[in-house]
Amino acid sequence: MTPEDQVETQPLLRLPGGRVPRGRRVFLASFAAALGPLSFGFALGYSSPAIPSLRRAAPPAPQLDNEAASWFGAIVTLGAAAGGVLGGWLVDRAGRKLSLLFCTVPFVTGFAVITAAQDLWMLLGGRLLTGLACGIASLVAPVYISEIAYPEVRGLLGSCVQLMVVTGILLAYLAGWVLDWRWLAVLGCVPPSFMLLLMCCMPETPRFLLTRHQRQEAMAAAQFLWGSEQGWEEPSAGAEHQGFHLAQLRHPGVYKPFVIGVSLMVFQQLSGINAVMFYAKTIFEEAKLRDSSLASVVVGVIQVLFTAMAAGIMDRAGRRLLLALSGVVMVVSSSAFGAYFKLTQGGPSNSSHMDLLAPVSMEPADASSGLAWLAVGSMCLFIAGFAVGWGPIPWLLMSEIFPLHVKGVATGVCVLTNWLMAFLVTKEFSSLMEVLRPYGAFWLASAFCILSVLFTLSCVPETKGKTLEQITAHFEGR
């Protein structure tokens, strides 16, 4: 074991006598950081109401055809993939706080460019900038929160990252009812601006400051966040800022969490969540709920409620149990989805993608409506299951399992993997529908969910109640 590994298996900061910190300002700092994921969620949800609004808009507003609309929705994932790489570099060089402050710039700039857009290229450029900010925020916010939170509330606060993402998506859906695409973009500037103001008043994480040998600043940050009437003790060995080298992949304390983190991101995107969201409007219409905006809001409300529930029980139930339960629920619901499409969809195997979006019933009208309502139930169950586990926990574990000296690079690779997988799944989804038919695609997603459950039970450690240093020690086999 290397010297930096020995350092990182000791608590970087601890109260005399091993007491647990109970400061409340950690919740304020976590909220300030979580405004980044709120902005990230708003940017993701923005395209859903903005595309119909752009198509209704008269010249000189930019006009969107089907191909342009597809890129308007998908290009944000490419920007986010680049943001993951940039965020991994920034979080180790500039620190967690400055990285969060930096991501507000492309958020505000991107939405400002969209607001002023006169052609398609300005729209795509603005979306690319907001995507870049999404990638940075999706990496740095979980890292910042995990490093300032004490173990008893780290699951709660870490899960609030995903809670704020789905809340941002829901806010975009709701605001889209009353605002056109320009004013919706103006509204998108508000959360990152508020985040900029709040984060200026928050400290850097004590752990990062110690890696920079800024001990007095680390003590001040710890007392601000956690509170203490007595001085803080430090371990005898200081934490060194070593940086990442490929040779470190030979150490179990690096390659084990690396494999787990990347695998979690891959399984999250292969779970079928994008397919379910893609079909939400069609399924609600089949159930005679013709208002697609209502369908989006219902989906958003389910995500927010069950993600909030997961955050509330995360530190009691644990990560492994919720991941496994989430996977089992998604297996059942995605299998039911496949059965629904198998029963209701007819026609030759070479039907077009447009046919795939409009299931043709082979049953009488009443039976078809009944099946559609079963599909609505399956969809809601799937979204609830995803929100309880595979939505928030991969991001939470990503921020917990990596040792400090490789955290920037390792989390950057995880975020890059997640966003590239999201882009590939989004862009290739229609091709997969044509090859496998909808029921085959959902049954394939069910198979991936089964693999995710097996992976969770065999490879993912429980991290609830442990300090980040104890988690590092676990991977070192001590």
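This is a predicted model: local features need pLDDT of at least 70, side-chain atom pairs count only at pLDDT 80 or more; totals for chains, interfaces and linings use all residues.
In which helix does C459 lie? C459 lies in helix α18, which spans residues 407-459, where helices are DSSP runs of H or I with at least four residues, numbered from the N terminus.

Residues are numbered from 1 along each chain as its sequence is written, and side-chain values use heavy atoms, with hydrogens and water left out.

As to confidence, the mean pLDDT (the predictor's confidence in each residue, from 0 to 100) is 82 for the chain, and 81% of its residues reach 70 or more. Over residues 229-241, however, the pLDDT is below 50, and this stretch has 38 contacts in the model beyond near neighbours in sequence, a contact meaning heavy atoms within 4.5 Å.

Returning to C459, this residue is partly exposed, with a relative accessible area of 38%; the scale here is buried under 20%, exposed over 50% and partly exposed in between, with a 1.4 Å probe and protein chains only. C459 and V259 are 200 residues apart in sequence, and their C-alpha atoms are 9.5 Å apart in space. T77, in helix α3, is by contrast buried, at a relative accessible area of 8%, and beyond four places in sequence T77 touches W419, A422 and F423.

Now to the packing of α2. Helix α2 (residues 25-56) and helix α3 (residues 66-93) pack at an angle of about 160 degrees with their axes 9 Å apart, the axes being lines fitted to C-alpha atoms over the stretch in contact, and the angles running from 0 to 180 degrees between N-to-C directions. That makes α2 roughly antiparallel to α3, in a scheme where under 35 degrees is roughly parallel, over 145 roughly antiparallel, 65 to 115 roughly perpendicular and the rest oblique.

Among the residues making the contact are F31 and L35 of α2 and F194 and L198 of α8.

Conventions. Helices (H or I, at least four residues) and strands (E, at least two) are DSSP runs, numbered from the N terminus.
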